[in-house]
Amino acid sequence: MKSKSKVNPKLMKKANKKLIMRYLVETGPHSRLEIAQFTKLANSATWRITDELMKEGLIERKGFYSATSRKKSSVFGPSRSFVLSVIYNVEVLETIVGIGYLDGSWEIVETFPTGTLESFLKNVEKTLEKLEKDFPIDKERTRVTFSLPGIVDIKEQKLTYAPNLGWRDLNIKEILENRGYSLIVDNDSNFSLLAESFFSKDVKNSSTAFFLYLGEGIGGSILVNNQIVRGKNFAAGEIGHSILVKDEDRSYRETEQFLSISKLIERFEKEKKYELDGKTLKEKFDSAVRLWFENDEIAIEIFQEFLETLAAILRNIVYFLNPEIVVFGGIVNNIWETFGKIVYKRLSELVPYEILDGIIFRDTIFKNVPPSLPGCNVAAIEQILESLG
């Protein structure tokens, strides 16, 4: 006779606590009755766990609502009493500093030129000191997160190599070793796809997804069964370093040289012999797109090559990964909205219908900010959910 396995009450309580917390984080404030209905937990367990989460400062009463015309119920949601994440979203030209909260919200606090490694580290120290004075930071709970444009060893919390920055073997842990913070460090593409998987149903419900990050360089991230695939040495998804062309002089050229937004702008300004309007790469890119809409000959030629290359890279992604969804974003977050019909038409000529059928292509849901920034806060949320006990 087989013995029945016993239920571990501690593990069950932890799972239920995590279930309630995730429900509130992902869907917003709810009454205890709504929580019980969704989780299918007994009312007594729901009341007990919500009381415990309140005592721990993880949720708070958000007000009242009337489920009927006669009776009002308290609603509870994730606490904003402390900053969950301090975010350093690092690009080649600019670093965006932000803060995030447990309810998934975030805000940009300031920016500074990324500059040299020495000036970058000084600015990190300076801004962190300022944030500690101006915001409710809790060193036991607040995570400091770094989104980096390169290959990142998340176990050692080290930037292995960022070719566009010229940085190698940068140990982020050493930067803040005397500050007492928990750190989260990852590649910008991975953070971007993490944000999409948290906030977007189509990515969350897909078995396989790919994020194509368009910035000073080109990055990529792979999601399989809601897990980021990083690879043995954390280089999985780095589509920008794949070889697209071998020149006649036998030198290799990477995809990044063809699809990088900064390279595209450089070519525009070289051939047009004047600077495009705008201070940032995004603003300059928008200026280039306006020239394309105006049928400028140079703009048409440059974008034709850019879009042909994009279609070729998508063909490689479709054949190699066969994802359910491909998301575009980064410094530029409207590539598919602007050029999607053209790219898809060319892609359809390169890939048989049977293989391309049903794959979703779209821009990121984050329009006015690099999606890696909200992704940093999502990583902090996931970490605190996993720590619930």
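Leaving aside its neighbours within four places in sequence, which residues is phenylalanine 339 in contact with? In this predicted model, phenylalanine 339 touches Phe285, Val289, Trp292, Phe303 and Leu307.

**Nonpolar cores**

Phe339 belongs to the largest nonpolar core, a set of 43 residues. Phe339 is also listed among the residues with the most contacts inside that core, together with Phe268, Phe285, Phe303, Leu314, Phe328 and Phe361. Several elements give two or more residues to this core: the strands E12 (208–214), E13 (218–224) and E17 (325–330), along with the helices H9 (261–272), H10 (281–293), H11 (297–321) and H12 (335–350). H11 supplies the largest share, with twelve residues.

**Aromatic rings and charges**

A pair of aromatic rings is described by the distance of the centres and the angle of the planes. The count for this model comes to 17 aromatic pairs. One of them joins tryptophan 292 and phenylalanine 293 in an edge-to-face arrangement, with 4.9 Å from centre to centre and 65° between the planes.

Two arginines sit over aromatic rings, as tabulated here.

| Arginine | Ring | Distance to ring centre |
|---|---|---|
| Arginine 80 | Tyrosine 101 | 4.0 Å |
| Arginine 141 | Phenylalanine 82 | 5.3 Å |

**A three-stranded sheet**

Three strands make an open, antiparallel sheet in the order E8-E9-E10. Why is one side of E8 and of E10 left without a neighbour in the sheet? Strand E8 (151–153) and strand E10 (167–171) stand at the edges and each has a single partner strand, so one side of each lacks a neighbour there. From one strand to the next, the twist averages 10°.

Strand E9 (residues 158–162) pairs with E10 in the antiparallel sense, over four bridges. Leucine 159 is found opposite leucine 170 of E10.

Terms used:
Residues numbered from 1 in each chain as written. Predicted model: local features only at pLDDT ≥ 70, side-chain atom pairs only at ≥ 80, totals over all residues. Heavy atoms only, no water. Core = buried A, V, L, I, M, F, W, Y, C linked by side-chain atoms within 4.5 Å. Buried < 20%, exposed > 50% of the residue type's maximum accessible area, 1.4 Å probe, protein only. Contact = heavy atoms within 4.5 Å. Phe/Tyr/Trp six-rings, centres within 6.5 Å; stacked < 30°, edge-to-face > 60°. Lys NZ or Arg CZ within 6 Å of the ring centre and 35° of its normal. Pairing = 2+ DSSP bridges. Axes fitted to C-alpha atoms, helices over the stretch in contact; angles between N-to-C directions.
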